[in-house]
Amino acid sequence: MSLESSESATHRSADEADDYLERRKLRRGSAGWLLLTGLGVAYVVSGDYSGWNFGLAEGGFGGLAIAMVLMGAMYTCMVFALAELSSILPTAGGGYGFARRALGPWGGFLTGTAILIEYVLAPAAIAIFIGDYVESLGLFGLESGWPVYLACFVIFIGIHLWGVGEALRFSFVVTGIAVAALIVFALGALPSFDLSSLDDIPVDTSAAGASSWLPMGLLGIWAAFPFGMWFFLGVEGVPLAAEETRDPARTLPRAIRWSMGILVVLAVVTFVAAAGARGSAAIQDAGNPLVEALQPDGEATALSRIVNYAGLAGLVASFFSLIYAGSRQLFALSRAGYLPKFLSLTSSRKAPYLGLLVPGAIGFALAAGTGDGARMLNVAVFGATISYALMSLSHIVLRRREPELPRPYRTPGGVLTSSVALVLACAALVATFLVDVTAAFMALGVYIVAVAYFGLYSRKHLVAKAPEEEFAALAAAEAELARD
């Protein structure tokens with residue numbers, strides 16, 4: 001008996017399996033490459049407005065710049081690998097499905113759980129940031145707190161329940177506003193740009209390799225890795241829309257590449273313009289660094305108010321899109337039996353309603369209970385780095401083990417590209433412990449509980465007819481025939 005067949009998956013009759021999957025079906029063909037490109041940018045755009053600047057306190061301008069380049073290289077290499085994997089297996093499982101084929105049920109579960117940690121915790125963090133923006137703008141006299149967080153989850157989950165096509169179009173429009181404002185910001189900051197402002201953070205002379213460009217020394221580069229990630233965190237979620245995409249084998253690779261190209265340009269422009277306009281020291285601790293960069297005297301201007309409102313739009317775009325990504329990852333894991341199966345039921349509009357409501361409730365509880373957006377994001381980064389390492393490894397394994405597998409799109413550079421992503425992802429994972437040990441151990445604790453659930457229960461109740469499981473079983477059957 002093969003290893004694959006020894007796994008205790010749930011085997012159903014054909015009729016039962018068809019009925020099971022019919023009640024867990026997404027709306028096909030709702031998105032083309034343009035909407036998916038917008039989705040990829042929407043996942044990330046809030047990171048251009050806030051969060052990245054805290055890396056200046058860890059590594060200075062030079063340290064964060066190097067970290068951004070290295071993390072940009074990691075994401076670029078990884079999305080090229082994901083483009084190939086998504087063309088092979090275009091299902092809602094995304095990273096879980098890829099790892100399931102390459103690394104078996106345990107690899108699939110560990111990858112899917114890491115992605116889920118990222119996509120449940122990040123919206124909780126962003127809800128808190130939205131509350132801060134609402135309060136700072138004086139909107140409706142509201143203060144940051146649970147009523148604002150609740151309104152975010154209720155309104156935007158409601159739009160997702162309406163339907164995926166409507167949800168993606170809403171996200172596309174809001175993202176467009178946020179991206180346009182980043183361009184306006186860069187143009188507005190240009191007259192105040194001063195090269196000497198970039199390296200104005202005091203130097204820690206006791207740090208090895210310290211200089212004006214690396215005020216915290218060489219170790220500061222490593223500590224800035226998680227903040228360099230914030231310019232790109234979430235773009236890997238594009239393949240999660242596979243089952244709702246037209247011609248996914250062609251559309252997904254194109255959307256992934258375009259998303260990453262746009263994000264690289266926005267990251268460089270935003271980072272350099274903000275630090276050069278006001279100075280790295282002035283914005284390193286700011287909750288809204290772009291606004292601070294446009295207010296040298298602390299007085300609001302028309303331009304800074306526009307950017308402030310656009311920052312809120314960027315946060316909404318990322319919040320909205322990450323809810324979508326989390327619901328699709330939960331849907332796929334539940335449909336295949338890794339998580340409770342009722343979580344993958346879909347509504348008459350083909351929306352995974354419990355996959356939206358349950359993570360939303362958890363996210364709201366975390367936001368309302370902690371009010372600590374930075375820590376929530378650090379937990380999300382921990383989960384993200386684990387998933388990046390496992391997805392990159394999956395690409396390497398499939399290239400080595402199944403070289404003849406049909407690949408409508410092939411990663412430039414092959415396994416060398418995904419190997420670079422793997423090494424940098426492991427380095428970023430270690431860096432999370434340098435920034436926030438508590439957050440890293442919190443994520444690790446959640447991971448351990450999830451692994452115990454899988455090991456003791458759900459691995460014995462997998463659904464063989466789920467697309468990702470069927471794809472992996474086919475590979476096992478082909479391998480067994482080859483051995484015979």
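Contact here means heavy atoms within 4.5 Å. In this predicted model, contacts of this kind link helices H14 and H15, where Ile323, Ser327, Arg328 and Leu330 of H14 meet Leu354, Gly355, Leu356 and Pro359 of H15. Elsewhere, Leu219, Trp222, Val430 and Leu434 make a nonpolar surface patch of about 350 Å².

**Helix pair H14 and H15**

- Two packed helices are described by the distance between their axes and the angle between them.
- For H14 (residues 302–335) and H15 (residues 353–370), the axes come within 8 Å and cross at roughly 115°.
- The crossing of H14 past H15 is right-handed.

**Ser318 in H14**

- Helix H14 also holds Ser318.
- Ser318 counts as buried because its relative accessibility is 0%, and buried means under 20%.
- Beyond its neighbours within four places in sequence, Ser318 is in contact with Ala42, Tyr43, Val44, Val45, Ser46 and Ile126.
- Ser171 lies 147 residues from Ser318 along the chain, and the C-alpha atoms of these two serines are separated by 8.4 Å.

**Nonpolar surface patch**

- Helix H9 (219–223) and helix H17 (415–435) each supply at least two residues of the nonpolar patch.
- Trp222, one of the patch residues, has its place in helix H9.
- Trp222 has 32% relative accessibility and therefore counts as partly exposed, the class between buried, under 20%, and exposed, over 50%.

Note on methods:
Residues numbered from 1 in each chain as written. Predicted model: local features only at pLDDT ≥ 70, side-chain atom pairs only at ≥ 80, totals over all residues. Heavy atoms only, no water. Patch = residues over 30% accessible without salt bridge, like charges linked within 9 Å, V, L, I, M, F, W, Y side chains within 5 Å. Areas by Shrake-Rupley, 256 points an atom, 1.4 Å probe, with all protein chains shown as cover. Salt bridge = Lys/Arg side-chain N within 4 Å of Asp/Glu carboxyl O. Helix = DSSP H or I, 4+ residues; strand = E, 2+ residues; numbered from the N terminus. Buried < 20%, exposed > 50% of the residue type's maximum accessible area, 1.4 Å probe, protein only. Axes fitted to C-alpha atoms, helices over the stretch in contact; angles between N-to-C directions. Left-handed = near helix turned anticlockwise from the far one by under 90°.
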